[in-house]
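Below is a predicted model, shown with its sequence.

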Amino acid sequence: MSERTITLDVTRYRPHQEAVPTVQSYAIPFPDDWVVLDALNHIKDQVDGSLSYRWSCRMGVCGSCGMMVNGEPKLSCAVFLRDYFPRAIRVEPLSNFPVIRDLVIDMSGFLDKLKSVKPWIIREQEKPLSEGEYLQSPRELDAYQHFSQCINCMLCYAACPVFGLDSGFVGPAAIALGYRYNLDSRDHGTAERREVLGDHEGIWQCTFVGECSVVCPKHVDPAAAIQRVKVDTAKDWILSLVMPWGQR
Amino acid sequence: MSHEISEHDVIVIGAGGAGLRAAIAAAELSPKLSIAVVSKVYPMRSHTVSAEGGAAAVTREYDNLDAHARDTIFGADFLADQDAVEAFVAEAPHELIQLEHWGCPWSRDADGRISVRSFGGMSVKRTLFAADKTGFHMLHALFQTSLKYDHIVRYDECFVTSLLVEDGRARGITNVNLYTGEVMVLAANAIVLCTGGGGRVFPFTTNAAIKTGDGMALAYRAGVPLKDMEFVQYHPTGLPGTGILITEASRSEGGWLKNKDGHRYLQDYGLGPPTDTPTQRKMELGPRDILSRCHMQEYQKGHTFEGPHGHYVHLDLRHLGQELIDRKLPFVRELVRNYVGIDPVYEPIPVRPVVHYMMGGVHTDMDGKTPLEGLYAAGETACVSINGANRLGSNSLTECLVFGARAGRNAAEYASGMGTPTSNPLAALARDEQHRLDSQFFKKEGGSERIAAIRTEMQHAMEEGAGIYRDASSMGATCEKLRELRERFSRIRLEDSSEVFNTERISALELDFMLDVADTIANGALLRKESRGSHTRTDFPSRDDENFLKHTLAYRTDEGPRLDYAPVKITRWQPEERKY
């Protein structure tokens, strides 16, 4: 396989060594089937063992290796060097997050947000396991299935202009996951999730731009979830005016 | 330097399918217990996420527990412990229904029941699935469910470096917090190892980068034997180059394996006759060990294609049609389009055998208990053993649930009977471990060996000596090479002295573990002078029940593994010739 050489301009930041991030350039010889992650692994293994980044499955499902590649949030295991050649590639940590080191962002806030939307089945009454599964038709599965495909890769947060201004915004992935449970025929937790999904001003600042859905590598379409939460919340509000006694 | 010690009742190491199931089981036993979950990655990054095809359990009226047990034992080439298999198949349906109640988006039949599909070596359709992302959905359902238990305390991105053993009991762990570089100490009355397998000791594997056998090495160093480590499963259908898994479900949905002449070659190896729609246990639905050997024989006969990443055959899905592929195998289509650049709806997929799963692991009993008091293990890390010499596809996700729950429950019960964990004796042990880490890794100066070089040489030595076909001379050379690499490892050079998110240190610690794990595989293989399941020796081509119907136990010594053996438990299925 023929090899060409491409330049990677990689953001470096070691908090105890540098006051501000710097850029380091690496010339990487690459075969045609290499992704950006292969180039980073080549640097780490052969050139500079101090470069830090997250990765694991290298097949686009574990969600570890999100980075800005030429300014766009991407899974670095899923973008090919050949598609950027002969231009240099700029590799930076995901936008909108604090940077811990090099390409590693601090995503601990997302874990708290995820928990806040109660992403688990809430039942009024549990059926004993001995009575078997809850029946769910293929159509009922379809209602929420694509919102369940989120790999928590954080690309949508890196693309979200609202999250960029307000890190308190629950954000696209967590809203989509909370909404996924609302849509699940086995779940009765919509009322419990209403407050966190609909209450924050973030969703009202979210326009129809839908950058989150554009960058999503799994076609989850979190923007659709946010718009639907807006509609549901507005409906609830109107109902609460019309029938103040009937709403939970 | 003294360490702050955090006390919990139970520590679970690893947050994949087995670890999260164990943590939830422990949490459900009592709200008073404090359960720590320590993982080197965020839970949803765990390798369970990559599992595709499904999870087996008897859920249909046409099926029965004995049939699942028999298929499993037969697939294991009779090296499985039959009492463990019987417990496994009996609890499997309950565990999968439990996961359904926790929200797993299983694929459904028109009547709303969970769908089942065929799988290799299984005599009926009994594999539940969520399209071809079963592991992904199981992991996220478990993780999201685990969030509702406030007494599950997570330590994300913390790498465990040792088990602290005092008076013959596992009492705690040391771990490096990646964010700060600090060594932290956790104390508990019970510890559950759920760190998965170690496919990364080989060069070409479906396994994610994190699969470095950490839990196996931790137990081994604490004096616990590793069982049946020589049994390494090659999956017949990985993508050349990357090793990305193309699920067995693509064959259970009707995919065909063809050699370069377009011939469905499996019929030439006793797996026929070929049928247009899949027949259980035949042809493409044969077990993985046999299919991988068939591939190698086709290669030796010159019947395979040759590409930039070596020999391969074709997995042909074209006759299944786009509708079925999109509904049942969407991830396969996505992976092949992204990583091969072709569309399996219109072109056959290049595939070759790839290291996938370790049947061996930490020696446990049916309750997940290891011989070290207070230490438990479950999932691929453990060897109960239900998988024997060859695991059947779709038994491993179920194994994570059944034995994760058992280990978690038993660990929690044991811990609740022990009173408050005492951290006093741990301080001295932690100081010793800090000293080891500083002198060998963190404050090490000089050195000339690159981590990646030693890792790559280890991986190639393993493929040479412990691959699909093995013999005494190649295995002996591998054992010798591993000794050389262990010696060279003491001279590694570390370029990164930063405390914050220092992944080079983690790579070095992982390689340290992998060298131990590789040693037990190669030495176990060398001394097992027979062929059984995945372990195929050209110099001992037959199964030898008289001498080797027994488990290998590898104990750590400074001179390398000391091997011992333990009997296999036979209940109702007497060993017979394994023929499909």
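Chain A is assigned two domains, domain 1 (4-105) and domain 2 (108-242); such bounds come from an automatic or database domain assignment. The centres of domain 1 and domain 2 of chain A, taken over C-alpha atoms, are separated by 30 Å. Contact, meaning heavy atoms within 4.5 Å, links 14 residues of domain 1 of chain A with 14 residues of domain 2 of chain A.

The model is predicted, so local features need pLDDT of at least 70 and side-chain atom pairs count only at pLDDT 80 or more, while totals for chains, interfaces and linings use all residues. Residues are numbered from 1 along each chain as its sequence is written, chains are lettered from A and ligands numbered from 1 in the order in which they are written, and side-chain values use heavy atoms, with hydrogens and water left out.

The size of an interface is often given as the accessible area lost when the parts come together. Here, buried area is the accessible area (1.4 Å probe) that two parts lose on being put together, summed over both. Between domain 1 and domain 2 of chain A about 980 Å² is buried, 70% of it on carbon and sulfur atoms. On the domain 1 side, A:Pro73, A:Asn96 and A:Phe97 lose the most area to domain 2 of chain A, together 50% of what that side buries. The number of salt bridges between these two domains is zero, a salt bridge being a side-chain nitrogen of Lys or Arg within 4 Å of a carboxyl oxygen of Asp or Glu.

Chain B is likewise divided into domain 1 (237-353) and domain 2 (434-541). Their C-alpha centres lie 31 Å apart, and the contact takes seven residues from domain 1 of chain B and five residues from domain 2 of chain B. These domains of chain B bury about 460 Å² between them, 64% of it on carbon and sulfur atoms. B:Asp289, B:Arg293 and B:Met296 lose the most area on the domain 1 side, together 75% of what that side buries. Here too the count of salt bridges is zero.

What do the two chains share? Contacts join 67 residues of chain A to 66 residues of chain B, and about 5,300 Å² is buried between the chains, 54% of it on carbon and sulfur atoms. In chain A, A:Arg58, A:Met59 and A:Leu129 lose the most area to chain B, together 14% of what that side buries. Six salt bridges are counted between chain A and chain B. B:Asp150 and A:Lys115 form a salt bridge, with their closest N and O atoms 2.7 Å apart.

The spaces come next. On a 1 Å grid over the protein atoms alone, a cavity is a set of points where a 1.4 Å probe fits but cannot get out, and a pocket is an open set with protein on both sides within 12 Å along at least five of seven lines; lining residues have an atom within 4 Å of a point. The second largest pocket holds about 1,100 Å³ of space. Its lining has 46 residues, and the closest to its centre are A:Gln149, B:Lys133, B:Pro330, B:Phe331 and B:Glu334. Helix 9 of chain B gives the most to this lining, with six residues.

The structure also holds seven cavities of 30 Å³ or more. Of the 13 residues that line the second largest cavity, A:Cys150, A:Cys153, A:Cys156, A:Ala173 and A:Cys216 are the closest to its centre.

Conventions. Points joined across faces, edges and corners; volume = space filled by probe spheres on them. Helix = DSSP H or I, 4+ residues; strand = E, 2+ residues; numbered from the N terminus.
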